[in-house]
Amino acid sequence: MLRDCLDYALNDPAAYPGVFDAMRKAFKFEGSRKLLEEISIVYAFRNKHVAHQEVELVDSAYAGKELARWVKILDMIRVAGSR
């Protein structure tokens, strides 16, 4: 949901009133584009290796790198929420 909200706020040219306008204002902040990029990478990893298990995850170094990315994103969200 967070990825979709960021994507709408940053990339969708449609201008809907009400909650969509509020969502655009809330999710378009300094650093939001970088957060969307990182979340999109995690989303793809999650779909490929966790949720749908299209590819078995056997490389511990790769898994560790991606887990570190998840932790980094949690901190990015924390920082964005404190503004």
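These notebook entries record what I looked up in a predicted model.

**Basis.** I worked on a predicted model, in which local features need pLDDT of at least 70, side-chain atom pairs count only at pLDDT 80 or more, and totals for chains, interfaces and linings use all residues. Residues are numbered from 1 along each chain as its sequence is written, and side-chain values use heavy atoms, with hydrogens and water left out.

**Aromatic pairs.** I took rings of Phe, Tyr and Trp (its six-membered ring) as paired if their centres lie within 6.5 Å, with planes under 30 degrees apart counted as stacked, over 60 as edge-to-face and the rest as tilted. The count by this rule is 5 aromatic pairs. One of them joins Tyr 8 and Tyr 16, a stacked pair at 6.5 Å centre to centre with 20° between the planes. I also noted a cluster in which ring pairs link Tyr 8, Tyr 16 and Phe 20.

I used relative accessible area (buried under 20%, exposed over 50%, partly exposed in between; 1.4 Å probe, protein chains only). Tyr 8 counts as buried because its relative accessibility is 8%, whereas Tyr 16, at 45%, counts as partly exposed.

**Charges over rings.** I counted a charge as over a ring if NZ of Lys or CZ of Arg is within 6 Å of the ring centre and within 35 degrees of the ring normal. The charged end of Arg 24 sits over the ring of Tyr 8, 4.5 Å from its centre. The charged end of Arg 3 sits over the ring of Tyr 43, 3.8 Å from its centre.

**Helices H3 and H4.** I took helices as DSSP runs (H or I, at least four residues), numbered from the N terminus. Axes are lines fitted to C-alpha atoms over the stretch in contact, and angles run from 0 to 180 degrees between N-to-C directions. H3 (residues 32-51) and H4 (residues 60-81) pack at about 140°, with axes 10 Å apart. Residues that meet across this pair include Ile 41 and Phe 45 in H3 and Glu 66 and Trp 70 in H4.

**Two residues of H4.** Glu 66 is in helix H4 and counts as buried because its relative accessibility is 4%. Neighbours within four places in sequence aside, Glu 66 is in contact (heavy atoms within 4.5 Å) with Ile 41 and Phe 45. Ala 80 also lies in H4 and, at 22% relative accessibility, counts as partly exposed. I found Ala 80 and Phe 27 to be 53 residues apart in sequence and 9.6 Å apart in space, C-alpha to C-alpha.
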